[in-house]
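Please consult the sequence and the structure alongside the text.

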Amino acid sequence: MKKQTVRDIDVAGKRVLLRVDYNVQVDEGGVVDDTRLRESIQTIETLRAAGAKIVICSHRGRPRGEVVDAQRNAPVAAHLSRLLEAPVASADECVGPAANAAVAALEPGGVLLLENVRFHPEETDNDPDFARELASLADIYVSDAFGTAHRAHASIVGIPEHLPAVAGLLMEREVDFLSEVTHSPERPFGLVLGGAKTQDKLPILDYLCEGADVVCIGGGMANTFLVAQGHDVQDSLYEEAQVDRAREVLASVGARDDIEFLLPDDVVVSYGAPESGSVTVVAPSDVPSGWRILDIGPATIEKYARALKGSRTAVWNGPMGMFEQERFAHGSLDLARIFATLDATTVVGGGETAAAIHRAGVGDFVSHISTGGTAFIAMLAGQSLPGVDALLDA
Ligand code: ADP
Ligand code: MG
């Protein structure tokens with residue numbers, strides 16, 4: 001990595017603001033999937049061993065600049081404390097007197113998790129005063145927030161204007177691995193895209209397709225393409241504003257004879273509540289009125305398995321359906337198993353996609369699981385990430 005890391009700086013006795021991406025779901029039982037927490041442990045332990053006072057900062061969800069109790073960071077602090085087997089203090093503010101006092105109370109080796117930074121609209125606005133306030137909590141900035149590195153937000157690019165800023169060990173691992181896959185991937189190159197963030201991901205699909213031999217589309221992303229093909233997806237999740245863009249992608253891949261660009265031939269549709277409504281499998285042209293597509297169908301899973309089979313590099317971001325519900329998890333869990341058996345460098349990215357891989361029990365059988373979703377896709381598309389650019393050069 002061409003950036004300085006925690007190994008390049010002396011943190012003994014210093015206050016370190018560690019920006020992480022703990023954008024995890026929390027339910028009554030606590031943190032649902034703690035992959036992102038576990039991935040940051042190595043950096044935290046390294047800082048603790050070096051005697052730093054560790055002030056952790058993260059966003060969670062999209063509270064849109066308001067305090068939302070369900071999106072507080074306290075349950076995440078409790079979970080982190082269990083993973084570290086050490087106390088983790090939590091502050092109910094990320095700036096101001098409460099945050100200052102909590103930081104002042106830290107001993108060397110101590111850990112504090114600040115409140116959800118997106119409770120302040122200044123975070124996503126990259127407000128310079130807010131960035132200065134956050135920076136005033138620490139002497140050094142360390143970023144492990146690979147999953148948020150595509151966002152030019154205050155705690156990502158604003159703080160580094162005031163503090164020496166270096167990469168954490170997770171950030172380093174991600175950037176090193178993904179640079180390699182981007183620069184010299186072994187062909188054939190298979191790409192699978194799904195999930196819900198079509199608005200973020202579809203605009204860069206062209207760049208991704210350039211180097212790909214096979215592209216398989218599922219999830220909400222597929223629905224947008226099905227609409228672009230003229231199908232009526234009824235009540236399915238899709239992105240109206242991206243339909244024209246999807247049509248352009250179809251035209252450009254249609255003009256190439258060196259790429260297989262695949263969309264679902266059959267889909268699992270549901271009527272009513274996802275956990276209890278009716279379910280059946282239909283062709284994309286036959287979605288009944290008022291029903292919605294919640295997974296790819298069995299014939300599509302087989303088609304994607306066949307198409308990906310000879311890949312030497314395979315990349316996947318975005319679940320094939322609403323996999324949180326057992327009944328719509330087949331596409332994503334089968335795809336996870338397909339990835340695990342490929343004789344290829346296999347790279348999987350995205351919070352939910354990583355969760356699907358773990359749920360299928362195949363985490364040990366893929367080459368790299370990235371904590372980034374959109375950041376991961378942006379990097380694969382050759383875009384530079386603001387949150388990486390902001391760090392000190394090596
Ligand atoms: P990642 O976190 O892996 O980058 P996204 O955040 O883009 O992936 O999307 C994950 C979400 O997409 C999941 O919560 C899943 O329920 C949802 N999803 C996938 N397919 C569908 C669908 N057909 N309809 C509704 N939601 C879907
Ligand atoms: Mg996600």
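**A guided reading of the model**

Asn126 is partly exposed, with a relative accessible area of 26%; in this account buried means under 20% relative accessible area, exposed over 50%, and partly exposed in between, with a 1.4 Å probe and protein chains only. The model is a predicted one, in which local features need pLDDT of at least 70 and side-chain atom pairs count only at pLDDT 80 or more, whereas totals for chains, interfaces and linings use all residues. Residues are numbered from 1 along each chain as its sequence is written, chains are lettered from A and ligands numbered from 1 in the order in which they are written, and side-chain values use heavy atoms, with hydrogens and water left out.

Helices (H or I, at least four residues) and strands (E, at least two) are DSSP runs, numbered from the N terminus. Glu85, another residue other than glycine, has a positive phi near 55 degrees. Glu85 belongs to the loop between α2 and β5 (89-90), and with a relative accessible area of 73% Glu85 is exposed. A further backbone feature is the cis peptide bond between Arg187 and Pro188, with omega at about -5 degrees. Pro188 is found in the loop between α7 (169-183) and β9 (189-193).

The protein as a whole has 16 helices and 17 strands. Among these strands, three form an open, antiparallel sheet in the order β13-β12-β14; two strands pair if DSSP finds at least two bridges between them. The edges are held by β13 (278-282) and β14 (292-296), each of which has a single partner strand, so one side of each is left without a neighbour in the sheet. From one strand to the next, the twist averages 35 degrees, where axes are lines fitted to C-alpha atoms, for helices over the stretch in contact, and angles run from 0 to 180 degrees between N-to-C directions.

The pairings in this sheet can be followed residue by residue. Strand β12 (residues 267-271) is joined to β13 by five bridges, and the two run antiparallel; Tyr271 has Ser278 in β13 as its bridge partner. Four bridges join β12 to β14, again in antiparallel fashion, and here Val268 has Asp295 in β14 as its bridge partner. Strand β14 is mostly covered, since four of its five residues are buried.

Which interactions link charged side chains? The structure holds 21 salt bridges, a salt bridge being a side-chain nitrogen of Lys or Arg within 4 Å of a carboxyl oxygen of Asp or Glu. One of them pairs Glu115 with Arg72, whose closest N and O atoms are 2.7 Å apart. This pair links distant parts of the chain, 43 residues apart: Glu115 is in the loop between β6 (111-113) and α4 (121-124), and Arg72 is in the loop between β4 (53-57) and α2 (74-84). Glu115 counts as buried because its relative accessibility is 4%, whereas Arg72, at 25%, counts as partly exposed. Asp69 joins Arg72 and Glu115 in a network of salt bridges.

A second salt bridge brings together the side chains of Asp200 and Arg151 (3.6 Å, N to O). Asp200 lies in helix α8 (residues 198-201) and Arg151 in the loop between β7 (140-143) and α6 (154-158), so the pair ties together parts that are 49 residues apart in sequence. Asp200 is partly exposed, with a relative accessible area of 25%, and Arg151 counts as partly exposed at 22% relative accessibility.

Another salt bridge lies within one helix. Arg245 is paired with Glu248, and their closest N and O atoms are 2.7 Å apart. Both residues lie in helix α11 (residues 243-254), three residues apart, about one turn of the helix. Glu248 is partly exposed, with a relative accessible area of 46%.

The overall form remains to be described. For 394 residues, a compact globule would have a radius of gyration near 21 Å, and the 22 Å of the protein agrees with this; the radius is taken over C-alpha atoms, and the globule rule is 2.2 Å times the number of residues to the power 0.38. Along the principal axes, the C-alpha atoms fill a box of roughly 60 × 45 × 35 Å. Of the 394 residues, 57% count as buried.
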